[in-house]
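Hi,

Here is the structure I promised to pass on. Have a look at it first, and then read my notes below.

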Amino acid sequence: MGALSFDEGVRIVRYGISADQRYLTGDFVDTYAATMINGNMVAHIPAALAQFLGERASGASGPKPFIIDPQTHAFQHDPSKVRTTRTAEDGHQEEVTKSSVLRMAEAFGEPVRSRVGEQAVLPGHFSADPGRAAEFCRRVIDFQLTTIENQARDKDFWKYLSYLGVTEMRPAAVIAPYFWMTPGTAEQWLPVNTEFIRCASGIVAGVPLFAQLVVSRELLVDEAWRTRLVANYGEAPCDGVFLWVDDFREHDVAKDELSAFAGLARELSTRHKKLVVNLYGGYFSILLCRLPELRLLSGVCHGLEYAEDRSVVPVGGGLPMAKFYMPSHHRRLRYPDAVSIVRELGGFRSVLDYHERVCACPVCTELVTANPALDFAKYGVTFPVTFRRANHFVTLNYPTPETKDYCLRHYLHTKDREFAETARTTALDVSRQLESQHGLAERCLGSSGAQYLLDWAQVVRELGA
Amino acid sequence: MLTSKGQRSMTEQDMVEAVVGRLRRNGISAAVGVPFMWRCIDLLLVGEDCIEAIEFKLRDWRRGIRQAQDHLLGADYAYICIPSREPTAQLAQACAESGIGLLLFDAGSHEPFEVAIPATRSDRVWQPGRTWLVETAAAHTI
């Protein structure tokens, strides 16, 4: 299996659910460098994932590189976060631990196996027994290294991979066990997390080892804590760091938070020579990754349309909602807002205007062919669903499957272009471009909805200076 | 949901049904629950040359104003309708700034509603959205 090169700043796409497969293959398979898969999915459908990676997403050089997020943080939260309600055989509702999380716990062993769904795992469960922590670490690493390959060896496509000279199907990087840190918990979790990295470094060979630094926004902006995190993770015996700041929505966070995030990435990548990848990032992260003067990130991971940010809890889940990704403003917009902006851009005047001013991706080229206003409406088709909520009926509009498909393919093509174009421009040019879009965005989205453009521009300009 | 006196409290659906009934008694038909732009318009009045959208809210009028603003891509006027009370200064200001009108619903009245703050005519109507809305409304008119 080919190694994953981080030299140019890689695009990693997160595999969410099985239905995502069609957007990670075919026309899109060469647009991203690797796929990130959550551990609960690996535990839940390992055979299907092996088939997908080894066959459907396979190219001339072999299987698509993949990385497994072991999601060890799932065991530190209130256990109700990993429980779900199901209907028992006798018809009554019962609460049970999610089966995929149970399987992960079984694979990881103690101290999580006996507590999953019942008790939260605490730092003391590891620090009190170094032997148990080491065994946990070994099992978490082993889960990542062997689960997919063990399934793949039983498949027919393994013969074809052997013919290609592929002798293993291991992840492109391995992640040490990790737990989420906030200002109230970091004092206890930081030594545990750094010990896991040290322990993993003694186990992992031949595959890059990454730490996963998962912090709250409060911890990120605390300068003293940031310094400690940089010191600990910068000096840790690992090749890289996956960053995940809880609920870090690049379009909504304050400028100080953007600066703090960029500062953390710069310290780790420039001073400590770590590969730094944002696990949930949007256009701002792409700028940090791809602008030649910056290159503060070695990669950006995002989901299919809806996962450019993520809260640490709940663990997984959430209903994705189709939105139109506005290329000029680098954000997903509700359809009425998208209509307002396209109109302000002059995109409804003619087909040519639409393709020049709004988007000329393959999906927009396919849909917008005669009357741009009517054609653009294809991104907004919905159907009503009426259901009972409390003591009254509510009707909500859901995008049709076609609408979701159009929005998602448009998004993926636009992301591909963003990754390509940002590598050929400068921080100054990008800043000017962002500022030039602010006035229009302010008219359509209000001042708070447009502020991010000025904040991004200022931070990028300062970093590039 | 019951009140402290054991009576069933009014819901937004009750308000919609009452207003529709009063409008019908006045010979006015309305469309109810009209899907539009990933939202659903509680009540729509489609005239020959004017479309009016009404969003009913028992609480959280700010959300109602946000929803009503989206309706202005298809409707000429948009309102929120709340139980009858003197509008607060914040509500009046939000209506003035957004162009959304305010209707007051009185459960004991025979009138559909009272126009407390008139709406401003939309300058955002988008023709495909309007056509879409008219076609959809026809299927939801009662």
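Two residues count as being in contact when their C-beta atoms, placed from the backbone, lie within 7 Å. With that in mind, 69% of the contacts in chain A between residues at least 6 apart in sequence join residues at least 24 apart. Do keep in mind that this is a predicted model.

Staying with chain A: there are 19 helices and 14 strands. The radius of gyration is 23 Å, close to the 23 Å from the globule rule for 465 residues, so chain A is as compact as a globular protein of that length. Its C-alpha trace spans about 70 × 60 × 60 Å along the principal axes, and buried residues account for 49% of the 465.

Now the interface. Here 20 residues of chain A are in contact with 18 residues of chain B. On the chain A side, α12 (335-345), α15 (372-376), β13 (382-389) and β14 (392-399) each supply at least two residues. The largest share, six residues, comes from β14(A). By class, that side of chain A has eleven nonpolar, seven polar and two charged residues.

One spot in chain B, too: B:Ser29 sits in the loop between α1 (12-25) and β1 (31-36). Is B:Ser29 buried or exposed? It counts as exposed, because it has 11 C-beta neighbours inside 10 Å and the cut-off for exposed is 12 or fewer. Apart from neighbours within four places in sequence, B:Ser29 is in contact with B:Arg24 and B:Thr141. B:Thr88 is 59 residues away from B:Ser29 along the chain, and their C-alpha atoms are 31 Å apart.

Cheers

Notes. Residues numbered from 1 in each chain as written. Chains lettered and ligands numbered in written order. Predicted model: local features only at pLDDT ≥ 70, side-chain atom pairs only at ≥ 80, totals over all residues. Helix = DSSP H or I, 4+ residues; strand = E, 2+ residues; numbered from the N terminus. Buried ≥ 20, exposed ≤ 12 C-beta atoms within 10 Å, placed from the backbone. Nonpolar A, V, L, I, M, F, W, Y, C, P; charged D, E, K, R; others polar. Rg over C-alpha atoms; globule rule 2.2 N^0.38 Å.
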